[in-house]
Amino acid sequence: MIADVVLGLQHGDEAKGKITHQLCSKGNYTHVIRFNGGCNAGHTIYHEGKKFVTHHIPAGVFYGVESIIGPGCVVDPEQFFKEIEELEEAGIPASTLVSIANNAHVITKDHKREDSSDSRIGTTKRGNGPAYRDKYNRVGTRAKELECFKGYLVDIYEELYSNPDAEILFEGAQGFGLDIDHGDYPYVTSSHCTTASALLNGVPPQAIRKVWGIAKIYETYVGAKSFQPKDAVFDTIQRVGEEFGATTGRKRQCNWTDIDTLLKAVRMNGVTDLVFNKMDVLREVGEWKFKSKDKLLHFQDESQVKSWITSFFSNSPTISNVYFSGNKDRI
Ligand code: IMP
Ligand code: MG
């Protein structure tokens, strides 16, 4: 068994969907598995010139790869079937490619109702937190208990371990800065967003081949805490980068990338391939900065940024490649 992992290193919205989509277009993956979260995620994917936003369904469906909502996820049946329908209408054979791990947990109407009154964390109001709470309190409902999921269920052990050639792409949701343990608690999501979280879905650590850590060249965050400093440049970045939440339409707050936190994320996740997206945005804005220990690092231009980053991460023992991308549909 071989497994590659795609995960976010910041606060979600790093364009993980784009990377999964691209990797599926040329990889030999037999399965794409979403390993955490629910429909709080919003993955924007440009496929054959068309824009798609998926919340539950892994990006494998666009290239005919079997796509599983893993045991570490929580699933809202309403949202799930809505998405299947939308993809089918667009000619993507989602209903035959997608399955749900029978031990994934269900987001119920009560979970959504409860989450809809949140103002403390600034959640996506999709019922994510209450669903995970009930799972860990051992009063949750599992996917296999719902009649409507019949025909979509899969036993992850049977599926993966009966196939000696299984090659899995794990697709993460949210990002390290929103991780329940390593993020800025309580301004986090209710699941684990790390490489370890992919393993929790039932594969051995020895299977991991590559870990794709995805970042943006600047940071964004959506939620209740104050994140964006008072400086007009961040309004410009927000506008040029079209930084609106794919799930809720909220404006994403912007800031310079905190390079020390990013290094922590790279180390704790064993990132092998590091991607910086949205280079085109800062190119248009015309300012290049990072934060380090509450100081600002200033750069003259894009090439100075690139060589500084490459040398900064060259000391990280796990990293083999650093990529910079200024494209919506590929690295
Ligand atoms: P929840 O996951 O809906 O409970 O929200 C908790 C926090 O995570 C809030 O700050 C959300 O805005 C944020 N969040 C959850 N999912 C995403 C995502 O996919 N992208 C960006 N932020 C997210
Ligand atoms: Mg998103």
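This dialogue explains how to read several features of a predicted model.

Trainee: Which conventions apply to the model and its numbering?

Mentor: This is a predicted model, in which local features need pLDDT of at least 70 and side-chain atom pairs count only at pLDDT 80 or more, while totals for chains, interfaces and linings use all residues. Residues are numbered from 1 along each chain as its sequence is written, chains are lettered from A and ligands numbered from 1 in the order in which they are written, and side-chain values use heavy atoms, with hydrogens and water left out.

Trainee: How is a sheet read, and what is the order of the nine strands in the open sheet?

Mentor: Strands of a sheet pair through backbone hydrogen bonds, either parallel or antiparallel. Helices (H or I, at least four residues) and strands (E, at least two) are DSSP runs, numbered from the N terminus, and two strands pair if DSSP finds at least two bridges between them. Here the nine strands of the open sheet follow the order 9-7-5-2-10-1-11-14-17, with parallel pairing. Strand 9 (153-154) and strand 17 (321-324) are the edge strands, each pairing on one side only. Within this sheet, four bridges join strand 2 to strand 10 (residues 167-171) in the parallel sense, and Val32 has Leu169 in strand 10 as its bridge partner.

Trainee: In which sense do strand 3 and strand 4 run, parallel or antiparallel?

Mentor: Strand 3 and strand 4 (residues 50-54) run antiparallel and are joined by five bridges. The bridge partner of Ile45 is Phe52, in strand 4. Two residues separate these strands in a hairpin, and Glu48 in the turn has a positive phi of about 45°.

Trainee: Which residues coordinate the magnesium ion?

Mentor: Donors are N, O and S atoms within 2.8 Å of the metal (3.2 Å for Na, K and Ca); water is not among the atoms, so sites may look incomplete. In this model, Asp13 (OD) and Gly42 (O) coordinate the magnesium ion (ligand 2) at 2.2 to 2.4 Å. The pair links distant parts of the chain, 29 residues apart: Asp13 is in the loop between strand 1 (2-8) and helix 1 (16-26), and Gly42 in the loop between strand 2 (31-34) and strand 3 (43-47).

Trainee: Is Gly42 buried or exposed?

Mentor: Buried means under 20% relative accessible area, exposed over 50%, and partly exposed in between (1.4 Å probe, protein chains only). Gly42 counts as buried because its relative accessibility is 15%. Asp13, at 24%, counts as partly exposed.

Trainee: Which residues are closest to ligand 1?

Mentor: A residue is near a molecule or strand if one of its heavy atoms lies within 4 Å of it. Ligand 1 is surrounded by 18 residues, the closest being Asn40, Thr124, Thr189, Val222 and Arg250. For Arg250, a polar side-chain atom is 3.0 Å from an oxygen atom of ligand 1.

Trainee: How many disulfides does the structure hold?

Mentor: A disulfide is a pair of cysteine sulfur atoms within 2.5 Å. The structure holds zero disulfides. Cys254 is buried, at a relative accessible area of 0%, whereas Cys148, at 38%, counts as partly exposed.

Definitions and conventions
A polar contact is a pair of N or O atoms within 3.5 Å; within protein, one must be able to donate a hydrogen and the other to accept it, and residues adjacent in sequence count only if both atoms are side-chain atoms.
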